[in-house]
Amino acid sequence: MKRVIITGATGAIGTALVRKLIDKKIEVLVFLRVDSQRNQNIPCHPLVHIKFCSLEQLADVENDTGKVYDIFYHLAWRGASGPERNDMYIQNQNVKYALDAVRAAKKFGCQTFIGAGSQAEYGNWEVPLQCDTPVFPNMGYGYAKLCAGQMTREYAAQLELKHIWVRILSVYGPNDSAGSMIMYTIDKLRQGMEPKLTKGEQMWDYLYSDDAAKALYLLGKMGIDRKIYVLGSGTTRPLKDYIQKIRDIAAPGRNLSFGTIPYGKNQTMYLCADTSELKRDTGWHPETDFNDGIRTIIKSLQM
């Protein structure tokens with residue numbers, strides 16, 4: 001692995017993956033939307049190069065770099081949060097963009113396409129999620145992720161590309177979306193405010209972004225063609241416990257308003273990854289303690 005391409009590189013997973021690849025002396029070409037306010041999140045490094053290419057432009061992008069790349073990581077996705085998660089038209093567009101990404105991978109000489117799936121493909125379960133757990137999505141986002149995984153797998157085969165689909169659970173870390181539970185809670189606490197929360201009874205699996213990046217890097221090296229991997233920490237505990245740990249680090253003693261927000265429709269109450277396939281094929285294991293991850297996020301916000 002000498003050169004890779006990444007879409008969706010400005011978030012928690014993407015920036016962590018860029019840093020991991022830099023550490024491994026791998027050249028990175030990042031596809032960015034020219035007007036994104038998050039472009040400043042991309043690390044400035046001699047190994048990192050920028051190409052302005054939005055999701056809408058993927059279908060027509062050409063390789064004018066004079067280089068051949070090895071792996072295409074497709075992390076970008078429109079409508080990943082908020083009401084747009086159930087906007088069927090937006091989510092349907094994402095399936096096309098994913099197919100466009102496969103074609104772009106071929107144009108740039110890549111041999112492997114790695115796509116970011118989601119736990120939303122499964123719907124609601126009360127057991128650890130495996131690659132072969134039956135899938136019953138209950139919102140547009142989940143439907144589209146499932147469809148994108150299946151269709152890019154077949155399209156990649158037609159173009160003679162290796163295909164790996166990673167169903168990612170809840171990842172947290174620096175540069176995460178401001179709307180995530182962890183970033184919302186940290187922000188309110190740092191402002192001296194009391195976060196408004198659900199009862200926090202959900203059993204949840206959180207994985208730090210550096211550990212997610214390590215998994216994606218290893219899958220690029222050792223992942224098996226046409227295989228689905230589930231990516232999470234493999235451990236679960238009540239969401240309330242995570243929130244209390246955040247409070248204890250960010251604002252000890254601050255009140256937390258548990259139960260002031262009702263659970264949403266189709267609320268997932270149990271989330272845990274079975275990472276046995278990932279560990280077996282790559283030797284990966286998570287390394288970052290939740291408390292250490294939260295401290296790193298807070299430190300990054302103070303810079």
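Ground rules. Residues are numbered from 1 along each chain as its sequence is written, and side-chain values use heavy atoms, with hydrogens and water left out. Because the model is predicted, local features need pLDDT of at least 70 and side-chain atom pairs count only at pLDDT 80 or more, while totals for chains, interfaces and linings use all residues.

Two terms come up throughout. Helices (H or I, at least four residues) and strands (E, at least two) are DSSP runs, numbered from the N terminus. Buried means under 20% relative accessible area, exposed means over 50%, and partly exposed is in between, with a 1.4 Å probe and protein chains only.

Start with strands 1 and 2. Strand 1 covers residues 3-7, runs parallel to strand 2, and is joined to strand 2 by five bridges. Two strands count as paired if DSSP finds at least two bridges between them. I5 has L29 of strand 2 as its bridge partner. R3 stands opposite E27 in strand 2.

How well covered are these strands? Strand 1 is mostly covered, with four of its five residues buried. In strand 2, six of six residues are buried. E27, L29 and F31 point one way. V28, V30 and L32 point the other way, and all are buried.

Now helix 1. It spans residues 12-23, twelve residues in total. From first C-alpha to last it reaches 17 Å, close to the 16 Å expected at 1.5 Å a residue. That expected span is 1.5 Å times one less than the number of residues. Why is helix 1 described as largely enclosed by the rest of the structure? Because ten of its twelve residues are buried. Among them are A12, I13, G14 and T15. K20 is also on the buried list. Just after the helix, K25 takes a positive phi of about 65 degrees.

Next, salt bridges. The rule is a side-chain nitrogen of Lys or Arg within 4 Å of a carboxyl oxygen of Asp or Glu. In general, side chains of opposite charge can pair when their charged atoms come close. By this rule the count is 16.

Take E27 again, the residue opposite R3. E27 forms a salt bridge with K67, at 2.5 Å from N to O. The pair links distant parts of the chain, 40 residues apart: E27 sits in strand 2, and K67 sits in the loop between strand 3 and strand 4 (71-74). E27 is buried, at 12% relative accessibility. K67 is partly exposed, at 27%.

D248 is partly exposed, at 45% relative accessibility. R247 is buried, at 16%.

There is also a network. K227, E277, R280 and D281 are linked by salt bridges.

Stay with helix 7, residues 276-282, where K279 is found. K279 is partly exposed, with a relative accessible area of 38%. K279 and Y229 are 50 residues apart in sequence, yet their C-alpha atoms are 9.9 Å apart in space.

Which residues make the nonpolar patch of about 310 Å²? V34, I50 and F52. Patches use residues with over 30% relative accessible area and no salt bridge; nonpolar side chains (Val, Leu, Ile, Met, Phe, Trp, Tyr) are joined within 5 Å, and like charges within 9 Å. Areas come from the Shrake-Rupley method with a 1.4 Å probe; for residues, only the protein chains shown count as cover. V34 is found in the loop between strand 2 (27-32) and strand 3 (48-52). V34 is exposed, at 62%.

Last item, cysteines. C147 is partly exposed, at 27% relative accessible area. C44 counts as exposed, at 85%.
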